[in-house]
Amino acid sequence: MQRIGQADVTTELWLIRHAPARHEGRLAGRRDVPCDLPGAEVLDAVRAAVGMASVLCSPALRCQQTAAALWPGVEPQLEPRLWEQDFGAWENRPFEELPDIGLMPLNDLATHRPPGGESYAEQCARVAPVLRDLAGQGGRIAVVAHAGVVRAGLSLALGSVPAGLAFQVAPLSVTRMIAVPGGLWSIAGVNRVFG
């Protein structure tokens with residue numbers, strides 16, 4: 001568990017990655033693409049696992065579509081700091097044309113910045129204040145965002161930016177973190193998928 005500052009309430013954060021993006025084989029970090037929603041059975045299972053919650057959402061279309069499918073009629077709060085990592089010149093490039101950086105040590109990978117974009121460490125610095133603010137609110141909060149945002153939350157809870165990069169984050173998966181009184185994070189579940 002990682003200390004987050006003083007909190008006198010318990011907050012459950014349910015970090016939900018959006019449904020599969022229609023990226024057409026091209027990188028879509030900041031590119032605004034729709035998603036392919038699953039059937040009602042999967043959506044019902046995710047909704048049942050998370051329960052009723054306040055909903056915070058990345059402004060990305062794929063995140064808003066996912067939130068609307070999970071909680072029809074609920075207007076999520078849009079938070080621009082929850083956008084995916086900015087991949088700069090790599091945006092919209094076919095996956096097969098991207099450089100292979102997957103074998104970089106995690107410390108180097110965390111600080112690697114695509115040309116004209118931001119590093120994962122910079123994304124974490126952008127996302128962490130949002131999650132810290134949510135931690136002090138109490139109750140159950142669903143955050144519908146991107147794989148990078150979920151990893152940033154895990155990095156925050158672990159107290160290590162590079163550590164978050166070790167996690168897989170599947171589309172429409174749920175990661176549950178708890179901010180407990182005394183200012184600590186607890187990771188209650190990672191990358192839970194349904195169906």
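This section describes the fold, the nonpolar cores and selected residues of a predicted model.

The protein chain contains five helices and seven strands. From the N terminus on, these elements follow the order β-β-α-β-α-β-α-α-β-α-β-β. The radius of gyration of the protein chain is 16 Å, close to the 16 Å that the globule rule gives for 195 residues, so the chain is as compact as a globular protein of that length. Along the principal axes, the C-alpha atoms occupy a box of roughly 45 × 35 × 25 Å. Of the 195 residues, 47% count as buried. Among contacts with a separation of 6 or more, 73% are made by residues 24 or more positions apart.

The accessible surface of the protein chain amounts to about 8,900 Å², and carbon and sulfur atoms account for 52% of this area. The chain carries 17 positive and 19 negative side chains; the centres of the two sets are 3 Å apart.

The largest nonpolar core comprises 27 residues, and those with the most contacts inside it are Leu13, Leu15, Leu82, Leu131, Leu134, Val143 and Trp185. At least two residues of this core come from each of β2 (11–17), α4 (120–135), β5 (139–145), α5 (147–158) and β6 (174–180). The greatest contribution is that of α4, which supplies eight residues. The surroundings of leucine 15 illustrate the packing: leaving aside neighbours within four places in sequence, leucine 15 is in contact with Leu131, Val143, Val150, Gly153, Ser173, Val174, Thr175 and Met177. Another core, of 24 residues, lies apart from the largest one, and its members include Val46, Val55, Ala67 and Ala69.

When neighbours within four places in sequence are left aside, the contacts of phenylalanine 194 are Val42, Ala45, Val46, Ala49, Leu172 and Val174. Between phenylalanine 194 and glutamate 75, the separation is 119 residues in sequence and 24 Å in space, C-alpha to C-alpha.

Alanine 166, by contrast, occupies the loop between α5 and β6. With a relative accessible area of 56%, alanine 166 is exposed, as the cut-off for exposure is over 50%. The C-alpha atoms of alanine 166 and arginine 151 are 8.4 Å apart, and the two residues are 15 positions apart in sequence.

Most residues other than glycine have a negative phi. Asparagine 92, although not a glycine, has a positive phi of about 70 degrees. This residue is found in the loop between β4 (77–78) and α3 (106–111), and asparagine 92 is partly exposed, with a relative accessible area of 36%. Asparagine 191 likewise has a positive phi, near 60 degrees, in a residue other than glycine. Asparagine 191 lies in strand β7 and is partly exposed, its relative accessible area being 21%.

How values were computed:
Residues are numbered from 1 along each chain as its sequence is written. This is a predicted model: local features need pLDDT of at least 70, side-chain atom pairs count only at pLDDT 80 or more; totals for chains, interfaces and linings use all residues. Side-chain values use heavy atoms; hydrogens and water are left out. Helices (H or I, at least four residues) and strands (E, at least two) are DSSP runs, numbered from the N terminus. The radius of gyration is taken over C-alpha atoms; the globule rule is 2.2 Å times the number of residues to the power 0.38. Buried means under 20% relative accessible area, exposed over 50%, partly exposed in between (1.4 Å probe, protein chains only). Contact means heavy atoms within 4.5 Å. Accessible areas come from the Shrake-Rupley method with a 1.4 Å probe; for residues, only the protein chains shown count as cover. Lys and Arg count as positive and Asp and Glu as negative; His and the chain ends are not counted. The place of a charge is taken as NZ of Lys, CZ of Arg, CG of Asp or CD of Glu. A nonpolar core is a set of buried Ala, Val, Leu, Ile, Met, Phe, Trp, Tyr and Cys residues joined through side-chain atoms within 4.5 Å.
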